[in-house]
Amino acid sequence: MVRFHILALVWVVCYSEELCDGDCGVNFVQIDLSKNLRQTETSKWYASRAVDYNRSGQSSAQGPFPLKKPLWEYTVKGLNFHQTPCIDDQHNVYTGSDTTKILSFDQQGQKRWEIDGPSSSCQNPFLYQGVLYTSCRDGHALALSMEDGTTLWMKTYCESISSDTYSMTATEDHLFFPCGAREPYGAPDVVLVSRKTGDLLWRVNVPKFTVNIAPCMLPDSVVFNDEAGGMYSLSLKDGSVIWYTAPVHGPDGATLGGVACSPDGKVFNGFATADWKSGGLSAFDVQTGQRLWTKWVTAPVHNAPAIGRIHTHDREAVIFAMGNPTGGPLGPAVWTNGTVYAVDAQTGDFLWTFEPPAWYGAGAAGSTIEQICMPDLFSGATISQDGTVYINWSAGGITYALRDLNKDGRCELHDSEEVSGFNLGSGATGPPALAEQMLVVNTCHGPRAFSV
Ligand SMILES: *[C@@H]1O[C@H](CO)[C@@H](O)[C@H](O)[C@H]1NC(C)=O
Ligand SMILES: *[C@@H]1O[C@H](CO)[C@@H](O)[C@H](O)[C@H]1NC(C)=O
């Protein structure tokens, strides 16, 4: 349901007198954080969904293996999550929620702060220079102090924003996020905002809508897919289309997945046909949009690819997964299965597969009519420094750590050296967030942190 808020309402809250010299309402400039907040490095363990501006999913942190009982969990009845958490350089964790709550926890799971955002569904944040940037259901974008959650500024840019699990992007110069809402999910537009002045720089319509957008943010362009599987590169300067490449399967696909960009100038996108009966992964030249190769698989792809170095393969690999999400908790119980793939990033050749045990149920694990959980079947993957692949199998609510040690083309479920899983009993939408020896999974029922 779209709630219409007063469009003209443009307001800014400054968190201390000293930042509000003169016209506080329009003064975004010169919020000199270094004077007021603990200086933090820009390089966080997990600054945003999929680690970096290329949304690669490749982390420099070493994750826990095997996965043991979480060190901490945070659960409040009725407080539901379809968000990806972030982790800063001190191992503090940050997350929005399906309600108005935005929360931060320390490494031990102690709550550092909790605030109410301007509306529900403040989506996947981006941590940048001591500030958490996010945007919410009612069209506000806002900046919070990472230290204590104080609102640094807040402004309306859109009449509303879709509540699918899209991600904010923050750079030195810009903020980028979707704008507007198609029900029940999907946004018609994308916007670029000056991070320093808060001015709207451009708003561009994407005819086939974006869903769960988490773009590659490159120096001069932003690269993402639409829901149909069409690929865009837009100029940061004016929003003009540098290239657009139509989907390989015809005009009417419907993927919930995203993109990842590689060091050698490729962008990868998983796709799904309109009937959700098949899908695959395509690689494109990020400069020209030329499609380089496509791998078809026998079910739709609804997660964002990850690109990085995995165990026992000496070149970059791409991780993606196929399978349809479970429905809501009301239907009859059905069997749901899915498959994770690793392919060579140069050629698309298959390296290994992994199949979790099929899930039998009405909806995803942990999904009830009181607290509905509708994650995609798999989260995006996160790849740790040693090449272990972490992924959420959301139907069954299990987080897996995967590696094909014997190079037989399979991560073997019953081989405890190759596969470690922990059943959290609830599906999770976002990729697992990784910091050194720490893995945080946001299940629908709240964050859970694994340690060594
Ligand atoms: C990010 O992706 C772009 C485009 O593919 C590439 O040129 C660049 O090297 C990548 N950066 C990193 C750090 O991998
Ligand atoms: C589900 O399992 C069947 C039978 O093993 C297999 O043919 C099919 O590819 C699987 N589907 C997915 C999405 O993995």
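Predicted model: local features only at pLDDT ≥ 70, side-chain atom pairs only at ≥ 80, totals over all residues.
Thr 339 makes a polar contact with ligand 2: one of its polar side-chain atoms lies 2.7 Å from an oxygen atom of the ligand. On its own, ligand 2 has 360 Å² of accessible area, and the protein covers 50% of it.

Ligand 1 has its own set of neighbours. These are Asn 54, Leu 218, Cys 261, Ser 262, Pro 263, Gly 265, Lys 266 and Val 286. By class, the shell of ligand 1 divides into 4 nonpolar, 3 polar and 1 charged residue. Several polar contacts reach oxygen atoms of ligand 1. Asn 54 contributes a polar side-chain atom, at 2.4 Å from an oxygen of ligand 1. Ser 262 contributes a backbone N or O atom, at 2.7 Å from a ligand 1 oxygen. Pro 263 likewise approaches through a backbone N or O atom, which lies 3.2 Å from an oxygen of ligand 1. Taken alone, ligand 1 exposes 370 Å², of which the protein buries 56%.

Cys 216 lies in strand 14 (residues 216-217) and Cys 261 in strand 18 (residues 259-261), so the link ties together parts that are 45 residues apart in sequence. Both Cys 216 and Cys 261 are buried.

The whole structure contains 3 disulfides. Another of them joins Cys 122 to Cys 136, with the sulfurs 2.0 Å apart. The link of Cys 122 and Cys 136 is right-handed, with 100° about the S-S bond. Cys 122 sits in the loop between strand 5 (111-116) and strand 6 (126-128), while Cys 136 sits in the loop between strand 7 (131-135) and strand 8 (140-145); the pair therefore ties together parts that are 14 residues apart in sequence. Cys 122 has a relative accessible area of 1%, so it counts as buried. Cys 136 is buried too, because its relative accessible area is 0%.

A further disulfide connects Cys 158 and Cys 179, at an S to S distance of 1.7 Å. The Cys 158 and Cys 179 link is left-handed, with -105° about the S-S bond. Cys 158 belongs to the loop between strand 9 (151-156) and strand 10 (169-170), and Cys 179 to strand 11 (residues 174-179), so this pair ties together parts that are 21 residues apart in sequence. Both Cys 158 and Cys 179 are buried.

Other cysteines were also examined. Cys 411 counts as buried, because its relative accessibility is 3%. Cys 86 is buried as well, with a relative accessible area of 1%. Cys 86 is in no disulfide. The cysteine sulfur nearest to Cys 86 is that of Cys 122, 13 Å away.

Conventions:
Residues numbered from 1 in each chain as written. Chains lettered and ligands numbered in written order. Heavy atoms only, no water. Near = heavy atom within 4 Å. Polar contact = N/O pair within 3.5 Å; in protein donor to acceptor, adjacent residues only side chain to side chain. Areas by Shrake-Rupley, 256 points an atom, 1.4 Å probe, with all protein chains shown as cover. Nonpolar A, V, L, I, M, F, W, Y, C, P; charged D, E, K, R; others polar. Disulfide = S-S within 2.5 Å. Helix = DSSP H or I, 4+ residues; strand = E, 2+ residues; numbered from the N terminus. Buried < 20%, exposed > 50% of the residue type's maximum accessible area, 1.4 Å probe, protein only.
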